Each structure stands twice: as C-alpha cells, then as structure tokens.
Amino acid sequence: MSDLRERYLACWNAADADTRRGLLHELFAEDAAYVDPLVEIAGLDALGATIAAVQQQFPGFVFTPVGAVDAHHDVARFGWGLGPGGSEPVVVGFDVVTTGSDGRIRSVVGFLDRVPGA
C-alpha cells in the first residue's frame with residue numbers, strides 16, 4: 001500500500017492534464033468516489049477536475065507523504081502534506097482509501113487536519 005500512496009500523490013502532483021488522466025486511469029476505478037470536507041464527486045473526469053482546481057488554488061505546491069501507511073484488507077489510510085516544494089506543508093490531511101479486487105481505488109474519504117486560516 002506504500003506504493004499506492006506514492007502513485008496516488010503522483011496523480012495529485014501531475015500538472016499536465018494528459019499525464020494526470022493516464023495516471024488516474026491506471027490507479028482508480030472508472031466510477032471511483034471521492035469525498036472530503038470541501039467536495040463530493042464520482043468518476044475520473046470529476047476527480048481530474050478537482051485535482052486541477054486544487055492545483056490552481058495552490059500554484060507551485062506539491063503533495064508529499066506524511067507518516068506511515070496503515071492498511072488492512074482492502075483499506076489503507078495515509079497522511080499527506082501540501083506546500084511549496086522542499087518546505088513545511090501548509091495543508092496537512094489524511095485519506096482513507098478502499099481498493100477493489102483489481103487493486104484499483106474504489107473510494108477515497110479525505111480529512112483535513114491543518115488548513116491555513118481555518
């Protein structure tokens with residue numbers, strides 16, 4: 001599941017739309033669901049648009065792993081940070097990911113632990 005987190009964060013860091021689309025198709029089920037305190041969506045197109053919106057909101061920021069991956073069965077939870085490359089993350093959260101029998105992500109439930117101005 002550590003590899004899953006790295007590939008997941010690569011999706012969120014992919015600035016090129018075609019690259020991001022390819023990564024999403026490799027890692028996520030077509031009808032994958034994603035929910036966090038700010039958005040609730042389903043499907044790869046909606047997920048790609050959400051990632052693009054986050055990148056516009058935080059230009060030049062990158063997602064990095066925070067802490068260890070905790071997993072059992074087909075569920076994993078892991079922390080991440082979002083901030084300028086090489087700097088302390090400005091936003092910190094964690095996601096709970098469920099995978100299908102094919103190993104692709106079926107759902108993500110995200111939590112925000114630290115948000116500027118919150």
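## Surface patch, core and aromatic pairs

Leu38, Leu112 and Val115 make up a nonpolar patch on the surface, and together they have about 260 Å² of accessible area. The model is predicted. Leu38 sits in the loop between β1 (28-36) and β2 (39-42). Its relative accessibility is 71%, so Leu38 counts as exposed.

The largest nonpolar core has 24 residues. Which of them touch the most other members? They are Tyr8, Trp12, Phe28, Leu47 and Ile105. Seven elements are listed as supplying at least two residues each: the helices α1 (2-13), α2 (17-27) and α3 (44-57), and the strands β1, β4 (75-84), β5 (91-99) and β6 (105-114). Helix α1 gives the most to this core, with five residues. In soluble globular proteins, nonpolar side chains tend to be buried together.

Trp12 belongs to that core. Leaving aside neighbours within four places in sequence, Trp12 is in contact with Tyr34, Leu47, Thr50, Ile51, Val54, Gln55 and Phe63. One of these partners, Leu47, is also among the core residues that touch the most other members.

Now the aromatic rings. The count comes to eight aromatic pairs. A pair of rings is described by the distance of the centres and the angle of the planes. Two of the pairs are set out here.

| Pair | Geometry | Centre to centre | Angle between planes |
|---|---|---|---|
| Tyr8 and Phe78 | edge-to-face | 5.3 Å | 65° |
| Phe94 and Phe111 | stacked | 4.8 Å | 15° |

The pair of Tyr8 and Phe78 links distant parts of the chain. Tyr8 lies in helix α1 and Phe78 in strand β4, 70 residues apart. Are these two residues buried or exposed? Tyr8 is buried, because its relative accessible area is 2%. Phe78 also has a relative accessible area of 2%, so Phe78 is buried.

The pair of Phe94 and Phe111 also links distant parts of the chain. Phe94 is in strand β5 and Phe111 is in strand β6, 17 residues apart. Phe94 counts as partly exposed because its relative accessibility is 25%. Phe111 has 37% relative accessibility, so it too counts as partly exposed.

Gln55 is partly exposed, because its relative accessible area is 21%; the cut-off for buried is under 20%. Not counting residues up to four places away in sequence, Gln55 touches Trp12, Asn13, Ala14, Ala15 and Arg20. How far apart are the C-alpha atoms of Gln55 and Ala14? They are separated by 9.2 Å, while the two residues are 41 residues apart along the chain.

One backbone detail remains. Most residues other than glycine have a negative phi. His73 is not a glycine, yet it has a positive phi of about 50°. The residue is found in the loop between β3 (61-72) and β4. His73 has a relative accessible area of 77%, so it is exposed. Leu38, in the loop between β1 and β2, is likewise exposed because its relative accessibility is 71%.

Methods. Residues are numbered from 1 along each chain as its sequence is written. This is a predicted model: local features need pLDDT of at least 70, side-chain atom pairs count only at pLDDT 80 or more; totals for chains, interfaces and linings use all residues. Side-chain values use heavy atoms; hydrogens and water are left out. Patches are made of residues with over 30% relative accessible area and no salt bridge: like charges are joined within 9 Å, nonpolar side chains (Val, Leu, Ile, Met, Phe, Trp, Tyr) within 5 Å. Accessible areas come from the Shrake-Rupley method with a 1.4 Å probe; for residues, only the protein chains shown count as cover. A salt bridge is a side-chain nitrogen of Lys or Arg within 4 Å of a carboxyl oxygen of Asp or Glu. Helices (H or I, at least four residues) and strands (E, at least two) are DSSP runs, numbered from the N terminus. Buried means under 20% relative accessible area, exposed over 50%, partly exposed in between (1.4 Å probe, protein chains only). A nonpolar core is a set of buried Ala, Val, Leu, Ile, Met, Phe, Trp, Tyr and Cys residues joined through side-chain atoms within 4.5 Å. Contact means heavy atoms within 4.5 Å. Rings of Phe, Tyr and Trp (its six-membered ring) pair if their centres lie within 6.5 Å; planes under 30 degrees apart count as stacked, over 60 as edge-to-face and the rest as tilted.
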